[in-house]
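My notes follow in the order I looked things up.

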Amino acid sequence: MPNTPKAHRLNAKYVMTKVGGEAVVAPICDSTVDMGQIMSVNATGAKILDCLKEGMTDSQVAESFIRQYPNAKPEIVRESVGRFIDEMVDKGILEPEDDVL
């Protein structure tokens, strides 16, 4: 079986926005929000989420960072991007993209 690329998208129950110049991921809801569900992400995390929003696969995101930071070790970049995505999946903020070719 071929190795299909993995891709993720922001869960429809969440939104990423800027608050005071800081990227924040928060649940969309009709009433009060549990403040524990609001997550601040650094510039790198925001860039990863932006890349996924543009339709990039997980590996394409990592490769874009490797090109942007040629002095970084590629295996560390891939591991770091993967770890961030896994953490966001575990929190329910990201979900697998079903229609990846």
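This is a predicted model: local features need pLDDT of at least 70, side-chain atom pairs count only at pLDDT 80 or more; totals for chains, interfaces and linings use all residues.

**Helix packing and the core**

I began with handedness: H2 and H3 cross in the right-handed sense.

From H2 I have Asp58, Val61, Ala62, Glu63, Phe65 and Ile66 in the contact. From H3 I have Pro74, Val77, Arg78, Val81 and Ile85. I sorted them by class and got 8 nonpolar residues, 3 charged ones and no polar ones.

Then the geometry. Two packed helices are described by the angle between their axes and the distance between the axes, so I looked up both. H2 covers residues 58–68 and H3 covers residues 74–90. Their axes come within 9 Å and cross at roughly 135°. Parallel, antiparallel, perpendicular or oblique? Antiparallel would need an angle over 145 degrees, so I put H2 and H3 down as oblique to each other.

**Asp58**

A charged residue in that contact made me curious, so I checked Asp58. Asp58 sits in helix H2. Is Asp58 buried or exposed? Its relative accessible area is 11%, and the cut-off for buried is under 20%, so Asp58 is buried.

I also listed what Asp58 touches, skipping residues up to four places away in sequence: Lys6, Ala7, His8, Leu52, Val81 and Ile85. Two of these, Val81 and Ile85, I had already noted on the H3 side of the helix contact. I then took a C-alpha distance from Asp58 to Gly82 and got 7.3 Å, with the two 24 residues apart along the chain.

**Val61 and the core**

Which residues have the most contacts inside the largest nonpolar core? I found Val41, Ile48, Val61 and Val81, in a core of 22 residues. Strand S3 (22–27), strand S4 (39–41), helix H1 (43–53), H2 and H3 each give two or more residues to this core.

Leaving aside neighbours within four places in sequence, Val61 is in contact with Ile48, Cys51, Leu52, Met56 and Val81. Val61 and Val81 are also both in the H2–H3 contact.

**Whole chain**

Last, I zoomed out. I counted 3 helices and 5 strands, running β-β-β-β-α-α-α-β along the sequence. The protein has 101 residues, and 32% of them count as buried. For contacts between residues at least 6 apart in sequence, 49% join residues at least 24 apart.

Technical notes
Residues are numbered from 1 along each chain as its sequence is written. Side-chain values use heavy atoms; hydrogens and water are left out. Axes are lines fitted to C-alpha atoms, for helices over the stretch in contact, and angles run from 0 to 180 degrees between N-to-C directions. Helices (H or I, at least four residues) and strands (E, at least two) are DSSP runs, numbered from the N terminus. Angles under 35 degrees count as roughly parallel, over 145 as roughly antiparallel, 65 to 115 as roughly perpendicular and the rest as oblique. A crossing is left-handed if the near helix is turned anticlockwise from the far one by less than a right angle, and right-handed if clockwise. Contact means heavy atoms within 4.5 Å. A nonpolar core is a set of buried Ala, Val, Leu, Ile, Met, Phe, Trp, Tyr and Cys residues joined through side-chain atoms within 4.5 Å. Buried means under 20% relative accessible area, exposed over 50%, partly exposed in between (1.4 Å probe, protein chains only).
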